[in-house]
Amino acid sequence: MSKAIVVGINGSAGSDAALTWALQRAARDKLPVIALHAVDDRWLSPDFQYHELIRESGMELLEKAKASASEQSPGVEVDIQLRHGSGGSVLRDISKEAAMIVVGGHEKHHLDGGPVTDRALQVVAASDCPVAVIPAKPGAGAKGVVVGVDGSEESLQAVAVAAAEADLGGDELTVVLAFKTPARWVEKQLPSSGLAESMVEENRIVLAESVAGLGDKYPDLVVHQRLETDTQPAKALVDTAADARVLVIGSRGRGGLSRTVLGSTAHAVLLNVPCPTIVTRVHKVKHGD
């Protein structure tokens with residue numbers, strides 16, 4: 001049996017958008033969907049008078065999601081599951097057998113603990129499969145696939161996923177490498193160093209190497225290389241992908257510490273998702289300390 005696309009359901013506009021996106025992808029890839037809601041009752045006594053009410057409320061959410069799914073994509077097989085535990089831990093566990101996890105993006109106006117406790121970040125950091133984070137209001141008529149690179153093995157994996165995504169959808173692919181050149185006062189302390197120029201040239205080579213071979217594998221794919229020399233990577237990706245159909249990023253990059261599961265760029269992007277954003281988790285890469 002094919003692995004399912006798992007959607008986190010919590011009744012928010014973000015989870016509604018996530019369900020719609022997951023159904024469209026499942027129909028395209030001929031995969032089943034699991035709509036999942038987690039009842040976080042870790043701190044509740046079994047005798048707590050509202051315990052059963054919370055369960056019933058969760059099942060109502062799931063039944064509503066299944067009915068909506070049936071209307072949106074009647075050809076997609078949809079199962080519903082109510083599980084116990086925190087949303088992050090439940091989705092982490094099911095990710096071991098899933099094709100992809102899909103969750104709604106952070107809703108900044110909710111007083112739910114803010115970005116520090118954002119569920120999407122928890123899921124991405126712990127998932128064993130790719131995770132798609134969907135904004136509550138995806139842009140209409142969006143087109144193109146954007147991917148961020150930095151020369152790391154993770155970013156090369158992201159390019160492979162993005163290229164396949166773009167080719168399958170008939171989109172153009174934009175590959176972005178962004179970095180900040182040294183401040184002018186730093187350059188002035190280094191006589192005739194040409195540091196900034198060297199950094200630009202080195203990163204231009206990295207960008208070119210990141211897309212090497214795509215033309216052979218996808219002869220009809222149009223690939224754009226975009227080098228941003230004075231922009232933080234996360235801002236460059238968010239800005240470039242503002243009107244994109246999909247943004248693809250690696251979970252970590254070359255600047256990540258070996259003990260860090262989610263890189264700073266991925267973290268910053270996921271707090272400001274500009275469009276449906278897929279965080280790749282193709283295979284584990286060993287990093288030296």
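Asp-29 is partly exposed, at 30% relative accessible area. For reference, buried means under 20% relative accessible area, exposed means over 50%, and partly exposed is in between, using a 1.4 Å probe and protein chains only. Keep in mind that this is a predicted model: local features need pLDDT of at least 70, side-chain atom pairs count only at pLDDT 80 or more, and totals for chains, interfaces and linings use all residues. Residues are numbered from 1 along each chain as its sequence is written, and side-chain values use heavy atoms, with hydrogens and water left out.

Asp-29 makes a salt bridge with Arg-25, with 4.0 Å between the closest N and O atoms. The term salt bridge here stands for a side-chain nitrogen of Lys or Arg within 4 Å of a carboxyl oxygen of Asp or Glu. Arg-25 is buried, with a relative accessible area of 12%. The two residues sit four apart in helix H1, so about one helical turn separates Asp-29 from Arg-25. As a rule, an α-helix has 3.6 residues a turn, so residues three or four places apart point the same way.

## The salt-bridge network

What does Arg-28 pair with? Its salt-bridge partner is Glu-165, and the closest N and O atoms are 3.2 Å apart. Glu-165 belongs to helix H5 (residues 153-169) and Arg-28 to helix H1, so this pair ties together parts that are 137 residues apart in sequence. Glu-165 is buried at 4% relative accessible area, whereas Arg-28 is partly exposed at 33%.

These pairs belong to a network of salt bridges that links Arg-25, Arg-28, Asp-29, Glu-165, Asp-171 and Arg-245. The count for the model comes to 10 salt bridges. Another one joins the side chains of Asp-239 and Lys-235, at 2.7 Å from N to O. Both lie in helix H9 (residues 233-240), four residues apart, about one turn of the helix. Asp-239 is partly exposed, at 43% relative accessibility.

Helices (H or I, at least four residues) and strands (E, at least two) are DSSP runs, numbered from the N terminus. H1 covers residues 13-29, which makes 17 residues, and spans 24 Å from its first C-alpha to its last, close to the 24 Å expected at 1.5 Å a residue. That expected span is 1.5 Å times one less than the number of residues in the helix. Buried residues in H1 include Gly-14, Leu-19, Trp-21, Leu-23 and Arg-25. Just after H1 comes Lys-30, with a positive phi of about 55°.

H5 also has 17 residues. H5 reaches 25 Å from first to last C-alpha, close to the expected 24 Å. Its buried residues include Glu-154, Gln-157, Val-159 and Glu-165. After H5 comes Gly-170, with a positive phi near 70°.

## The ten-stranded sheet

The sheet is open and has 10 strands, in the order S3-S2-S1-S4-S5-S10-S9-S6-S7-S8, with mixed pairing. Two strands count as paired if DSSP finds at least two bridges between them. Strands S3 (78-84) and S8 (223-228) stand at the edges with a single partner strand each, so one side of each has no neighbour in the sheet. From one strand to the next, the twist averages 25°.

S1 (residues 5-8) and S2 (residues 33-39) run parallel, joined by four bridges. Val-7 stands opposite Ala-35 in S2. Helix H3 (residues 87-95) packs on the sheet, touching S1, S2, S3 and S4 (100-104), and its direction makes about 145° with that of S2. Contact means heavy atoms within 4.5 Å, and angles run from 0 to 180 degrees between N-to-C directions, with axes fitted to C-alpha atoms (for helices, over the stretch in contact).

How many residues of S7 (residues 173-178) are buried? Six of the six are, so S7 is largely enclosed by the rest of the structure. Both faces are covered, with Leu-173, Val-175 and Leu-177 buried on one side and Thr-174, Val-176 and Ala-178 buried on the other.

S6 (residues 145-148) runs parallel to S7, and four bridges join them. Val-145 stands opposite Leu-173 in S7.
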